[in-house]
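Here is a friendly tour for someone opening this entry for the first time. Have a look at the model, then read on.

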Amino acid sequence: MVSRVLLRAAPLLGLIPAILHAETPTVGVEQMRRHIEVLASDAYEGRKPGTEGENKTLLYIAEQFQQVGLEPGAGDHGWYQPVPLTERRPHGHRTLWTAGGTPIAFNTKDVILLGASPKEVLRDAPVWFVGYGLPEQIAGADLKGAVALLLYETPKGGPDYGERAKALAKAGAAAVIGIMDDEIPWSAVTGAYAHGQTRLDTDPRALIGGVMLLGAGERLVEVGGGNVAGAADPAFKPLALDLIASFDVSTEVRSYKSHNVIGRLRGSGDTGESVLYLGHWDHLGICRPESAKDRICNGAVDNASGIAMLIEIARAIAEGARPARDILFMGTTAEEMGLLGAEYFAQNPTVSLDSLVAAINIDTVAIAGLGEPVAIVGRGMTPLDPLVDSSARELGREVDTDDEANALVQRQDGWVLTRAGVPTVMVGGSFSDMKVLGDFLGGPYHQPEDDLKRPLVLEGAAEDTELLIALGRKMADPEQYRPGR
């Protein structure tokens, strides 16, 4: 990860509040509402990548970017950065686990398997229990051609399951199977896989991947001479189990392209540096069967509200004095599928990652009223905290200095950029009151009820928009923010 240190300019600090208020126009609630009413309408069918809803969404965002004065920011692709995706659905599988040449009784319904291609066959593969599969743990383990049983739960402060599974594939594992915990009902897991699992084409992938019930995983590891609970020991090392596995896996595979949409506002200087605002445009699409009264997950709050804010920030900054640094505005695809659009951008940036001095992610912003304290998702993880806190106080906002909102940090696109070395935060009142946020996440979130029938709470979002405009202007001014190298 690139090391970056925040250096704030001391002169003229007393004048900054007046300058900020002069350059920060008031953002109206109705301006944001109009965008949400378009993007979350039934005509956009829930904005699922790879559908007509995507085409309408991309066109709308690009048209808005152009109208406010941005230029295309995706290089040779104009406004749209192609993101190659592959969706896989389980079609059927057979498994055989043996210990000492004796088959082990195993319910095939206790495991879900997906192949890299429509037909995958694995014969007589050794089986390893790799625990959490942390990089320091798997170093030196001979996983080539093996089946790796990996705990699905993310260890505190560690990489998520996807990153650990990719590392095992790079190490040569032929199959990576996650042992689920008890937090997620198995019916929800099987339902999610039935709807398809989508990954970047560019990601390393084992020939076979999947998940199994906790009880099934515990039994296999125990029969093979191990203990799942032993993975909690700091001294744990991957264990070659006394097991052999053979699989036949059939998978429905569909490859397609989705797109990030990117606009650029050229700075007034020749700094070779940029600030990035981003928010995901995608949602879940048609998410209920034909028999359901309401079939569309419209995603009004998550994340039509974030795209509305992104557009209005672009408008406000473009209408004011140009900052020295360039500013990029990006709507990402496939966030709901695992932060995939942001991941692809991090792997294939339209500007070098080293030239991105800071980024602000915008997601699920239309849930807080006026006057909420300003919280940071990612507090303590980047050098941006002092800049955020001072910007909030200069606008008369209270600052929430605890790190409660960091529970969300790995669930949003900014995490991908932070992990890639670009200091990135989510900022606003929506993340200060965890009860309000929890009520949304436990209610209409990812349901058809997150639509235009519910009253949109936009006063706090408009207030946060003004804060993010001021914050972005500071980030784009080398006199106020200089990242270390």
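Predicted model: local features only at pLDDT ≥ 70, side-chain atom pairs only at ≥ 80, totals over all residues.

## A cysteine link

C287 and C297 are both buried. The link between C287 and C297 is right-handed, with 85° about the S-S bond.

Where do the two ends sit? C287 is in the loop between β13 (285-286) and β14 (296-297), while C297 is in strand β14 itself, so the pair ties together parts that are ten residues apart in sequence.

Now for the greasy inside. In soluble globular proteins, nonpolar side chains tend to be buried together. Here the largest nonpolar core has 75 residues, and Y277 and F329 are the ones that touch the most other members. Helix α8 (residues 300-319) gives this core its largest share, 13 residues. There's also a second, separate core of 31 residues, with V127, Y132, A216 and V221 among its members.

Which residues does F329 contact, leaving aside its neighbours within four places in sequence? They are F65, L70, V261, I262, G263, L265, L276, Y277, L310, I313, A314 and I317.

## A covered strand

Y277 belongs to strand β12 (residues 274-280), where seven of seven residues are buried. In a regular strand the side chains alternate between the two faces of the sheet. Both faces of β12 are covered: S274, L276, L278 and H280 are buried on one side, and V275, Y277 and G279 are buried on the other.

What does β12 pair with? Strand β15 (residues 326-332) runs parallel to β12, and seven bridges join the two. Within β15, L328 is the bridge partner of L276. Strand β16 (residues 356-361) is also parallel to β12, joined to it by five bridges, and there I360 is the bridge partner of Y277.

The model has eight aromatic pairs. One of them is F65 with F329: the ring centres are 6.4 Å apart and the planes meet at 55°, so this pair counts as tilted. F65 lies in helix α3 (residues 52-68) and F329 in strand β15, so the pair ties together parts that are 264 residues apart in sequence. F65 counts as buried, at 0% relative accessibility, and F329 counts as buried at 0% too.

Going back to F65 and F329, they form one aromatic cluster with W79 and Y277.

## One face of a helix

Which residues of helix α7 (residues 214-223) are buried? They are L214, A216, G217, L220 and V221. Seen down the axis of α7, these buried residues fall within an arc of 165°, so they line one face of the helix.

And what covers them? The cover includes β3 (80-99), β6 (119-131), β7 (147-151), β8 (175-179), β10 (208-212) and β11 (239-265). After α7 comes G225, with a positive phi near 100°.

How values were computed. Residues numbered from 1 in each chain as written. Heavy atoms only, no water. Core = buried A, V, L, I, M, F, W, Y, C linked by side-chain atoms within 4.5 Å. Buried < 20%, exposed > 50% of the residue type's maximum accessible area, 1.4 Å probe, protein only. Helix = DSSP H or I, 4+ residues; strand = E, 2+ residues; numbered from the N terminus. Contact = heavy atoms within 4.5 Å. Arc of directions from axis to C-beta. Pairing = 2+ DSSP bridges. Disulfide = S-S within 2.5 Å. Phe/Tyr/Trp six-rings, centres within 6.5 Å; stacked < 30°, edge-to-face > 60°.
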